[in-house]
Amino acid sequence: MADSEPGIGKKILSFFIKDADETALAAQAPKPATASPAPETSKPAPVTVTNAAGTGQIDKKFTEHFVNLLEKANLPGPDYFEYKQALQSMEGLGLGEEKQFQAAWASFKAMGGAKDTTVLRTSADQYLTILVKDRESFLKDVDKAIKERVGALQDEHQKLEQTNAAYAQQIIDLQKKIDDNKNRLGQIAGEVSEQTAKINTNKDSFEVTYVSFVDQIQSDLAKINQYLQ
């Protein structure tokens, strides 16, 4: 496909998604004003478009990426893309698939394209190679992102697990100290009663002995006063 041909990106886009014109217009159309802003979501769903076969939805962001990639890689002269354009023009004519491909080939040759299908296979293979290489580069970026972002999260997860384990051990150690203190408090209460009893017993013995000594001396003093005047 010639580089100077206008609207090449739009044409490539139409090869891979349905209603490419409507999709482009929808992307440019202003969004209607709302009374209140819609609530934000943490992870918005990707914008999708219908693939050319109409069998599923594909990501609009990556669709635009691949279209831009193929547009930049467009080879000069008629090639797979001109044939694809001719094939697309056969839709709606009531032809079977084989007849559509054959009629598109005749139209392609009439436009001045190559006389054999080698150019179609070669150019299509080149575009496939470009897509494959882009995928390989993308997957490398994915792996790198996983290692950088997910790896960092995994490291943080491991550190938090270790910190929590240390905290849990500290709680166990503190609980043991609390239990030991409670046991000691119980022992102290018993020891206080025991020591108090011993001291009071000793006090009582002291008082009995004291009274005995005092009584004896006072008795002797009374007799001295009585008998030795």
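This report describes a helix, a nonpolar core and the salt bridges of a predicted model.

## Basis

The model is predicted: local features need pLDDT of at least 70, side-chain atom pairs count only at pLDDT 80 or more, and totals for chains, interfaces and linings use all residues. Residues are numbered from 1 along each chain as its sequence is written, and side-chain values use heavy atoms, with hydrogens and water left out.

## Helix α5

Helix α5 covers residues 97-110; helices here are DSSP runs (H or I, at least four residues), numbered from the N terminus. At 1.5 Å a residue, its 14 residues should span 20 Å, and the end C-alpha atoms are 20 Å apart, which agrees. The expected span is 1.5 Å times one less than the number of residues. After α5 comes G112, which has a positive phi near 100°.

The buried residues of α5 are Q100, A104, W105 and F108. Buried means under 20% relative accessible area, exposed over 50%, and partly exposed in between (1.4 Å probe, protein chains only). Seen down the axis of α5, its buried residues fall within an arc of 135°, so they line one face of the helix; the arc is that of the directions from the helix axis to the C-beta atoms. The face turned away from this buried side carries the exposed residues E98, K99 and A110. Helices α4 and α6 are among the elements that cover the buried residues of α5.

## Q100

Q100 lies in α5 and is buried, at a relative accessible area of 18%. With neighbours within four places in sequence left aside, Q100 is in contact (heavy atoms within 4.5 Å) with L87, M90, E91 and L95.

## Nonpolar core

The largest nonpolar core consists of eight residues: Y83, A86, L87, M90, A104, W105, F108 and L120. Such a core is a set of buried Ala, Val, Leu, Ile, Met, Phe, Trp, Tyr and Cys residues joined through side-chain atoms within 4.5 Å. The elements giving two or more residues to this core are α4 (80-88) and α5. In soluble globular proteins, nonpolar side chains tend to be buried together.

Which residues does Y83 contact, leaving aside its neighbours within four places in sequence? Y83 is in contact with F101, A104, W105, F108 and L120.

## Salt bridges

How many salt bridges does a search of the whole structure find? The search finds three, a salt bridge being a side-chain nitrogen of Lys or Arg within 4 Å of a carboxyl oxygen of Asp or Glu. One joins K176 and D180, with the closest N and O atoms 3.1 Å apart. These two residues are four apart in helix α6 (residues 118-227), and are therefore separated by about one helical turn. K176 is exposed, with a relative accessible area of 52%, while D180 is partly exposed at 37%.

K198 and E194 form another salt bridge, the closest N and O atoms being 3.3 Å apart. K198 and E194 are also in helix α6, four residues apart, so about one helical turn separates them. Partly exposed is the class of K198, at 49% relative accessible area, and of E194, at 41%. In the salt bridge between E191 and R184, the N to O distance is 3.1 Å. E191 is partly exposed, with a relative accessible area of 35%, and R184 is partly exposed at 37%.
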